[in-house]
Amino acid sequence: MRGLLRSHLARSLSMLVLVGVIGACAQPTGSSPGSGQAAKPAVNILNVSYDPTRELYQDFNKAFAQYWKQKESQDVTVRQSHGGSGAQARAVIDGLEADVVTLALGYDVDALNIQGKLVPDDWEKRLQSNSAPYTSTIVFLVRKGNPKNIKDWDDLVKPGVAVITPNPKTSGGARWNYLAAWGYALRKNGGDEAKAKEFVTQLFKNVPVLDSGARGSTTTFVERGQGDVLLSWENEAFLAINDLGPDKFELVVPSISILAEPSVAVVDKVVDKRGTRTVAEAYLQYLYTEEGQRIAAKHYYRPRIETVAAEYKDRFPQIALFTLAEVFGDWRQTQKTHFDDGGTFDQIYQPDR
Amino acid sequence: MILKQRSILPGFGLAMGFTLVYLSLLVLIPLSGLVLKATTLGFDRFWDTITAPRAIAAYQVTFTTSLIAATINAVFGLLVAWVLVRYTFPGKRLVDGLVDLPFALPTAVAGITLTFLYSSNGWIGRYLDQVGIKSAFSPLGIVIALTFIGLPFVVRTVQPVLEDLDVETEEAAMSLGATRWQTFSRVIFPTLLPAILTGFALAFARALGEYGSVVFIAGNMPMQTEIVPLLIVTKLEQFDYAGAAALAVVMLVVSFVMLLVINLLQRWSEAKQ
């Protein structure tokens, strides 16, 4: 049922994208591919992604279709599907035929490997920069004028400050929030894990509402007026400020945060079955080109390529970032320690305090 | 054979066979799949999963809020049904149609709308907030959502019975010297009780499984406002299919027992008449 619904959604989305593509192709380009050469049959691939990337991939898919038409003289339609990162991964495991996945965190791609061997063990090493073509980070969104005077992580554990974050068990973004706070506390206390746990526990005691996803938390904070500060993806925070009111919210950049690396991967089992490996690989590679990086930067994802990063320097606040690997190791270990049943997050809510 | 003779219409065998297959495909096979999945845990892990403090807190939240919501619906559903059957007023048809809306509305929409109204800056929530009542993001919010989605059940089960109830019976009771209260409590109410119980059971069962509307308004705090269906979804997000099935089995068994008890109560109240 879910799959059906999803594929229906994907189909209607793809129709939208298709219309866009046709529109783009209809423009006289001048450099039409050699007309003597037989056109390859049109191909379509499905990109299964997480919530906030919707607008990014709408733009990117158009650009890629144009690029592919010019290079291979083949029409390509990229269908998109969006939802919570974990739920999306599960849909793929359960049989949603995604040629590529572009998810919020490495663990969700790991799940494709652990649960169904849909991708190989070393998927992360197949593309540059840990298979994360663009990055983001975790910042604070506060109400205009910053009435609670929130400047850094320490302000989040003060009594009377209400913090909005989604549930790390269900939301990819929330896991980055959690790890950013943990990493900050570790640094501050010279690597003392117990102190870090105490800090994060204090922080979550200030959380009045735990939504299941990042968009839900943004709504709770922005529309419902709950809480004093929202822990948010940088790109979501910019979106909230731009779309919902620059006169209502302010961005606060903490002294240090985590380098969030949303992972992408070709789903081997699917592309081998559908014979779409070439185009799927090219699609992900295109994310690493200057054009792809510019589109990412336009949508407030931090580009990896130096030249593009320099172009968009003013767009992103300066902030010291630590990586997951530096502080926590890999995702499997992190998931086990912090987010699996009985992990540090569950311990926060153990009743015997 | 005996069963067959009871009916004057032919086709018992065919109808019975179809019913069994139909119910198996739709209900029994999925449910046994669920139980089978849960058994892959082994007894110890099954027991640990279903008796974890968070799970127990979630059962409490789910069952108490569902019970309260079903009770509210039983009382006010009776009132609504009474008004709709016994009085004529302009716009009655419209009001009658309104009752079914909670059935038609996608529950997520209901949840978002109710949260909008009852959060501390919402139209209703702001006044409740002023008198110190936190409605959205508290157990009360859950009760509100569950009451909303369960509204049609009691109204729709009581309405036809009430329509069939002869006004003459009441008049007879009155003319034999019964007070108004006696007429209601000893003549009308016992007749309606089985229907009210059915509506209550339906509303209660519906509330137990409700997910869509509650997750928006509940706040979803572990140990406080986390409902069992959310805990199940959380387990699924962690690819813990067996753990999710285990919690679902508990819900199934408890719901089944409670519905059975309500059914027996209903039988008893019918027999008493």
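Read along its sequence, chain B of this model runs α-α-α-α-α-α-α-α-α-α-α-α-α-α. That comes to 14 helices and zero strands. The model is a predicted one.

**Chain B overall**

The C-alpha atoms of chain B fill a box of roughly 65 × 65 × 30 Å along the principal axes. The chain has 273 residues, and 33% of them are buried. Now take the contacts in chain B with a separation of 6 or more: 76% of these join residues 24 or more positions apart.

**Where chain B touches chain A**

The contact between the chains takes 18 residues from chain B and 20 residues from chain A. On the chain B side, the elements that give two or more residues are α4 (53-86) and α13 (228-237). The largest share, three residues, comes from α13(B). By class, this side has eight nonpolar, eight polar and two charged residues.

**A closer look at α13(B)**

Is α13(B) largely enclosed or largely open? Eight of its ten residues are buried, so α13(B) is largely enclosed by the rest of the structure. Among the buried residues are Val228(B), Pro229(B), Leu230(B), Leu231(B) and Ile232(B). Thr234(B), Lys235(B) and Glu237(B) are buried too.

What do these buried residues pack against? Within chain B, the partners are α4, α11 (180-209), α12 (214-217) and α14 (241-272). From chain A, α3 joins them. Just after α13(B) comes Phe239(B), which takes a positive phi of about 60°.

**The two domains of chain A**

Chain A is assigned domain 1 (2-27 + 40-132 + 262-288) and domain 2 (135-260 + 317-348). Their centres, taken over C-alpha atoms, are separated by 28 Å. The contact between them takes 15 residues from domain 1 of chain A and 19 residues from domain 2 of chain A.

On the domain 1 side, α3 (85-93) and α4 (106-116) of chain A each supply at least two residues. The largest share, four residues, comes from α4(A). The residues of this side divide into eight nonpolar, four polar and three charged.

The table sets out the make-up of the two sides by class.

| Chain B, touching chain A | eight residues | eight residues | two residues |

Key. Residues are numbered from 1 along each chain as its sequence is written. Chains are lettered from A and ligands numbered from 1 in the order in which they are written. This is a predicted model: local features need pLDDT of at least 70, side-chain atom pairs count only at pLDDT 80 or more; totals for chains, interfaces and linings use all residues. A residue is buried if 20 or more other C-beta atoms lie within 10 Å of its own, exposed if 12 or fewer, and partly exposed in between; C-beta atoms are placed from the backbone. Two residues are in contact if their C-beta atoms, placed from the backbone, lie within 7 Å. Ala, Val, Leu, Ile, Met, Phe, Trp, Tyr, Cys and Pro count as nonpolar, Asp, Glu, Lys and Arg as charged, and the others, Gly among them, as polar. Domain bounds come from an automatic or database domain assignment.
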